[in-house]
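Please take a look at the sequence and the 3D structure below. The report that follows walks through them step by step.

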Amino acid sequence: MQHVISVLVENEPGVLSRVSGLFSGRGFNIESLNVAETLDPTISRMTLVTRGNDQIIEQIIKQLNKLVNVIKVVDLTGSEYVDREMAMIKVSAEAATRAEVLRIVDIFRGQVVDVSPKSYTLEITGNDKKIQAVIDLLAPFGIGEIVRTGRVAIARAKREGSDSGGKRGKEPEE
Amino acid sequence: MKKTGAEILVESMKQEGVDTIFGFPGGAVLMIYDTLLKYSEEIRHILVRHEQGAVHAADGYARSSGKVGVCLVTSGPGATNTVTGIATAYMDSVPLVIFTGQVPTMLIGNDAFQEADIVGITRPCTKHNYLVKDVQDLALTIKQAFHLARTGRPGPVLVDLPKDVVADSAEFSYPSKIKMRSYNPTYQGHAGQIKRAVKLIAKAQKPLIYAGGGVILSNASKELTALAQKFSFPVTTTLMGLGCFPGTSPLFLGMVGMHGTFQANMAITHCDLLIAIGARFDDRVTGKVDTFSPHSKKIHIDIDPTSISKNVQVDIPIVGDAKNVLKAMLKFFEEEPAQDWPKVHADWLKQIAEWERSSPLTYKSGPCIKPQLVIQKIHEITNELTKGDVIITTEVGQNQMWTAQFFTFTKPRTLITSGGLGTMGYGFPAAIGAQVAFPDKTIIDIAGDGSFQMNIQELATAVQYNLPVKVAILNNHCLGMVRQWQQLFCAQRYSQTVFEVVPDFVKLAEAYGAVGLRASKPEEVEPVIREALGIRRPVVMDFVVDREECVSPMVPSGAALTEMLLI
């Protein structure tokens with residue numbers, strides 16, 4: 001089963017290599033990995049997407065915790081969280097197809113971030129299903145290049161004082 | 001007052017209570033070695049002949065004394081030569097701090113002379129490692145390195161010291177306390193879990209304690225022995241656990257696993273409760289995991305959460321220091337209704353005794369020296385001469401397994417052996433380290449002719465510092481354990497395991513300035529051991545033993561523990 005794991009680490013050189021080395025050395029999968037600084041500049045957050053049975057996921061979490069530079073590990077899977085991924089897609093857009101490409105971008109609330117006479121570069125944000133849907137729709141026009149950030153995820157905030165009795169918030173309709 | 005990086009390093013080591021280091025100099029550590037001269041009264045430097053020897057010696061020093069072992073080597077090849085030693089210490093959880101020289105910071109990454117990315121290379125085989133980029137960070141880094149090495153599950157920590165950082169200077173104040181937000185080992189076991197474990201133990205009909213090296217690391221032998229004796233629990237240990245429970249006790253079953261005793265492997269398969277303490281269900285212990293101890297509930301006490309449910313699923317995990325957890329267990333047991341424990345477990349102990357009677361550890365005598373005889377004689381004679389106050393190190397292979405089987409260990413920290421990594425060439429430098437820690441104790445390396453040759457250069461170290469270590473070579477002119485596997489699994493096709501050239505170890509010892517003795521017949525074994533033990537100098541004993549002897553019993557790799565070959 002796929003798991004999204006959020007890891008807080010010391011923002012130090014070599015930490016990424018410790019984490020990726022752990023995964024390769026112990027034969028764990030990484031489907032995507034995203035790292036950036038948090039509000040506290042001494043701490044970075046990694047969002048890892050991995051796959052494995054319960055025993056493997058348990059080992060992954062324990063092994064991550066064992067790394068001296070790792071401050072906190074949270075397996076978001078099983079709790080409520082919001083996740084997003086951003087993709088930039090360079091798609092060919094000839095005179096005959098430019099309007100259709102723009103329509104697809106519009107439907108998926110994407111942005112055009114670069115234009116040339118024969119192509120658009122698009123920015124699409126969403127979960128991996130949405131990004132895959134855009135890719136599938138754009139493929140017939142000819143996708144030149146694609147770059148994806150990998151997933152980032154955050155646990156939902158608790159809603160306090162409302163009828164929901166402290167339940168986690170809901171995703172607003174898109 | 002400002003101090004140079006080199007001075008900060010040495011002062012910090014003093015603050016950590018270091019009085020001995022093992023090392024080998026070079027260009028990148030020139031200033032450190034120059035500074036060490038000034039401190040020669042306070043810090044003793046043992047000059048080895050190969051950096052691998054330095055790490056193994058520091059490792060033997062650490063395992064025998066319980067202190068942190070310290071090494072100092074130069075950059076590049078000096079650093080890479082430590083890797084096997086570091087990996088050995090990492091697998092067996094030995095507290096070490098390794099200081100490596102590094103090229104100046106401005107040259108790092110430039111493929112400079114004697115540059116190696118040792119922090120990158122050792123990342124997966126250290127508990128943690130550091131590259132110090134600023135002399136201001138040096139004292140804190142050293143503090144953290146020693147703290148990490150000796151706390152929690154101990155392990156080796158490497159600190160890489162660029163030449164310019166060591167030459168630079170800074171105000172020196174050594175931090176007295178340390179707090180790391182990302183490192184907080186759990187020492188106290190969860191009380192609820194311990195109580196659940198005690199309830200389960202009190203109900204068990206066929207309990208078995210399976211103790212590992214963690215018991216020795218946490219100095220929990222006393223508590224383990226108290227628990228086992230009070231409740232008549234039979235005890236088996238891993239290779240790393242030998243000595244944590246008295247081998248002379250009727251409750252002791254010997255070692256478990258691939259070359260474990262028949263009764264230990266049968267008991268672990270048939271017990272209804274397995275209490276694992278500071279052991280990690282290694283493949284050499286479990287055999288085929290699916291058939292490992294199939295009828296038992298399992299309690300697992302370990303300070304490292306990753307050890308728990310890694311290979312074998314357990315019913316009651318307890319994360320904590322073995323000593324603390326065992327103490328808490330003994331306390332909670334007082335709340336349980338008293339039972340006549342020897343009587344409760346009488347049938348089970350009787351069954352175990354029957355297994356032992358049916359297939360005891362044994363060997364057949366013959367016209368040539370049997371390696372097992374040599375080990376038994378060493379045990380007998382050291383018992384007589386030193387009242388058992390002896391430390392045994394081993395190399396890896398048959399010599400190691402026969403030592404585990406035929407030497408009766410009664411105290412912790414008396415068997416020093418490379419268990420996890422299985423490093424040939426470990427035992428001799430480790431013996432040197434143990435002898436440095438205990439100058440007056442009898443230290444014997446039980447070796448094979450293959451392993452001993454892997455770090456034979458350290459004979460010069462032993463002679464230089466007049467360390468009276470004894471080496472007992474079980475010389476079969478081959479790589480015995482691999483030869484045994486080839487005999488059993490490759491239809492006796494001995495591919496590259498028979499040495500066509502073996503040096504004359506007696507002459508070799510003499511060439512180094514040590515003493516060489518040889519025994520070629522069974523009746524010569526005892527006189528040679530007695531003579532060696534009477535000499536206050538390094539002695540190499542060359543026992544010419546039966547080439548075809550096998551370690552028995554043997555569970556083939558990947559087979560169930562009950563599928564023992566009784567060779």
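## Two domains in chain A

Start with a distance: the centres of domain 1 of chain A and domain 2 of chain A, taken over C-alpha atoms, are 29 Å apart. Domain 1 covers residues 2–75, and domain 2 covers residues 82–153. Keep in mind that this is a predicted model.

The two domains touch. Domain 1 of chain A puts seven residues into the contact, and domain 2 of chain A puts in six residues. Which elements of domain 1 give two or more residues to its side? They are strand 1 (2–10), strand 2 (32–37) and strand 3 (43–51) of chain A. Strand 2 of chain A gives the most, with three residues. This side of domain 1 has three nonpolar residues, four polar residues and no charged ones.

## The fold of chain A

Chain A has four helices and nine strands. In sequence order, the pattern is β-α-β-β-α-β-β-α-β-β-α-β-β. The C-alpha trace of chain A spans about 55 × 45 × 35 Å along its principal axes.

Chain A has 174 residues, and 21% of them count as buried. Now consider the contacts in chain A with a separation of 6 or more: 71% of them come from residues 24 or more positions apart.

## Where chain A meets chain B

How many residues of chain A are in contact with chain B? There are 16, and they meet twelve residues of chain B. Three elements of chain A each supply at least two residues of this side: helix 1 (15–25), helix 2 (54–66) and strand 4 (70–75). Helix 2 of chain A gives the largest share, six residues.

Sorted by class, the side of chain A that touches chain B has three nonpolar, eight polar and five charged residues.

## An enclosed helix in chain B

Turn to helix 5 of chain B, residues 83–91. Why is this helix largely enclosed by the rest of the structure? Eight of its nine residues are buried, so the rest of the structure largely encloses it. The buried residues are Val83(B), Thr84(B), Gly85(B), Ile86(B), Ala87(B), Thr88(B), Ala89(B) and Tyr90(B).

What covers these buried residues? The cover includes helix 3 (51–65), helix 4 (77–80), strand 5 (96–102), helix 6 (118–122) and strand 7 (156–162) of chain B. After helix 5 of chain B comes Ser93(B), with a positive phi near 55°.

## Backbone exceptions

Most residues other than glycine have a negative phi, and most peptide bonds are trans. Some places in this model depart from that.

Arg109(A) is not a glycine, yet its phi is positive, about 55°. Arg109(A) sits in the loop between helix 3 (98–107) and strand 6 (111–116) of chain A. Is Arg109(A) buried or exposed? Arg109(A) counts as exposed because it has 11 C-beta neighbours inside 10 Å, and the cut-off for exposed is 12 or fewer.

Asp111(B) is not a glycine either, and its phi is also positive, about 55°. Asp111(B) lies in the loop between strand 5 and helix 6 of chain B. With 8 C-beta neighbours inside 10 Å, Asp111(B) counts as exposed.

One peptide bond deserves a look too. The bond that joins Ser552(B) and Pro553(B) is cis, with omega about 0°. Pro553(B) is in the segment after strand 20 (539–544) of chain B.

Terms used
Residues numbered from 1 in each chain as written. Chains lettered and ligands numbered in written order. Predicted model: local features only at pLDDT ≥ 70, side-chain atom pairs only at ≥ 80, totals over all residues. Nonpolar A, V, L, I, M, F, W, Y, C, P; charged D, E, K, R; others polar. Domains from an automatic or database assignment. Buried ≥ 20, exposed ≤ 12 C-beta atoms within 10 Å, placed from the backbone.
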